[in-house]
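Please read these notes beside the model. They go point by point, and the first one starts at a single residue.

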Amino acid sequence: MKNMIKALRAERGWSQAALADQLGVSRQSVNAIETGKYDPSLPLAFSIARLFEKSIEEIFEDEAASNTELAAE
Amino acid sequence: MTQQTFKSASKRYWRAFVPIMLVYLVATLAGSFYLKTFEVEPVWLQTTVAVACTLPMLLFLFIQIRYFLETDEYNQMIQLKGFAIGSAITVGAIFLIGFLQMFHVVDQVEVFWFGPAFFIAYGLSTYLLGGRQLL
């Protein structure tokens, strides 16, 4: 799943480790989520959204929904 | 419920892991040296040493499971997949070697070695699944 975490983190000048600390996860988890290797659970996605003061939809792109919309056009 | 963070779960794991491994090391070394002092090793003593060496290993497996439950979700996924693949490889090896023994293709194999084999298979699987990032 594509997401905006890297950009949002860069805007705030946070390292992966700093973000990981705030979320209570490992730096490797943040890296895996950022690179799309791992999709976070709903509670973790909510924590991320809360931290960046955004909605989940603003951070994570629902690729399946985007593909459906593209196909409909 | 208190949410365990990755760091506190890791700290808790290492705090338990180090003493358990030290006890295991002392039990295996002291136990085998002590047994060698007997001309004919008493069965009850052999059994006691075997149990004393096994208990820390069982405890280690329990703290490993506790770590799976307490660590963050990504690490949990990697560890559980590694554990499952390691178990599958080891069980597969047990069946294969077991059948080869029954068919008299291979001689008797020490069952003990399936234990270390499991930990090697689990460790390698975890590493290859992405756990290498965790090192």
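1. Start with Glu53(A). At 72% relative accessibility, Glu53(A) counts as exposed. The classes are: buried under 20% relative accessible area, exposed over 50%, partly exposed in between, with a 1.4 Å probe and protein chains only. Glu53(A) sits in the loop between α4 and α5 (56-59) of chain A. Its phi is near 55°, a positive value in a residue other than glycine. Most residues other than glycine have a negative phi.

2. Ground rules. This is a predicted model, in which local features need pLDDT of at least 70 and side-chain atom pairs count only at pLDDT 80 or more, while totals for chains, interfaces and linings use all residues. Residues are numbered from 1 along each chain as its sequence is written, chains are lettered from A and ligands numbered from 1 in the order in which they are written, and side-chain values use heavy atoms, with hydrogens and water left out.

3. His104(B) has phi near 60°, and His104(B) is not glycine either. His104(B) lies in the loop between α3 (73-102) and α4 (114-128) of chain B. Its relative accessibility is 71%, so His104(B) counts as exposed. Please check both loops by eye.

4. Chain A overall. Chain A has 6 helices and 0 strands. Helices (H or I, at least four residues) and strands (E, at least two) are DSSP runs, numbered from the N terminus. The pattern along the sequence is α-α-α-α-α-α. The C-alpha atoms of chain A fill a box of roughly 40 × 20 × 20 Å, taken along the principal axes. Of the 73 residues in chain A, 38% are buried.

5. Chain B overall. Chain B has 4 helices and 0 strands. From the N terminus on, its elements run α-α-α-α. The box along the principal axes is roughly 55 × 35 × 25 Å for the C-alpha atoms of chain B. Buried residues make up 30% of the 135 residues in chain B.

6. Thr5(B) and Gln101(B) are 47 Å apart in space, C-alpha to C-alpha, and 96 residues apart in sequence. Thr5(B) is in the segment before α1 of chain B. At 31% relative accessibility, Thr5(B) counts as partly exposed.

7. Salt bridges. The whole structure holds 4 salt bridges over all chains. The criterion is a side-chain nitrogen of Lys or Arg within 4 Å of a carboxyl oxygen of Asp or Glu. One of them joins Arg9(A) and Glu34(A), with the closest N and O atoms 2.4 Å apart. Arg9(A) lies in helix α1 (residues 5-12) of chain A and Glu34(A) in helix α3 of chain A, so the pair ties together parts that are 25 residues apart in sequence. Both Arg9(A) and Glu34(A) are buried.

8. Another bridge pairs Glu70(B) with Arg12(B), and the closest N and O atoms are 2.1 Å apart. The pair links distant parts of the chain: Glu70(B) is in helix α2 (residues 43-70) of chain B and Arg12(B) in helix α1 (residues 6-36) of chain B, 58 residues apart. Glu70(B) is buried, with a relative accessible area of 13%. Arg12(B) is partly exposed at 30% relative accessibility.

9. Buried or exposed: which is Glu11(A)? Glu11(A) is exposed, with a relative accessible area of 62%. Glu11(A) forms a salt bridge with Arg12(A), the closest N and O atoms being 3.5 Å apart. Arg12(A) is partly exposed at 30% relative accessibility.

10. Surface charge. Asp39(A), Glu57(A), Glu58(A), Glu61(A), Asp62(A) and Glu63(A) form a negative surface patch. Patch residues have over 30% relative accessible area and no salt bridge, and like charges are joined within 9 Å. Asp and Glu count as negative, and the place of a charge is taken as CG of Asp or CD of Glu. Accessible areas come from the Shrake-Rupley method with a 1.4 Å probe. Asp39(A) is in the loop between α3 (27-34) and α4 (42-51) of chain A. With a relative accessible area of 38%, Asp39(A) is partly exposed.

How values were computed: Patches are made of residues with over 30% relative accessible area and no salt bridge: like charges are joined within 9 Å, nonpolar side chains (Val, Leu, Ile, Met, Phe, Trp, Tyr) within 5 Å.
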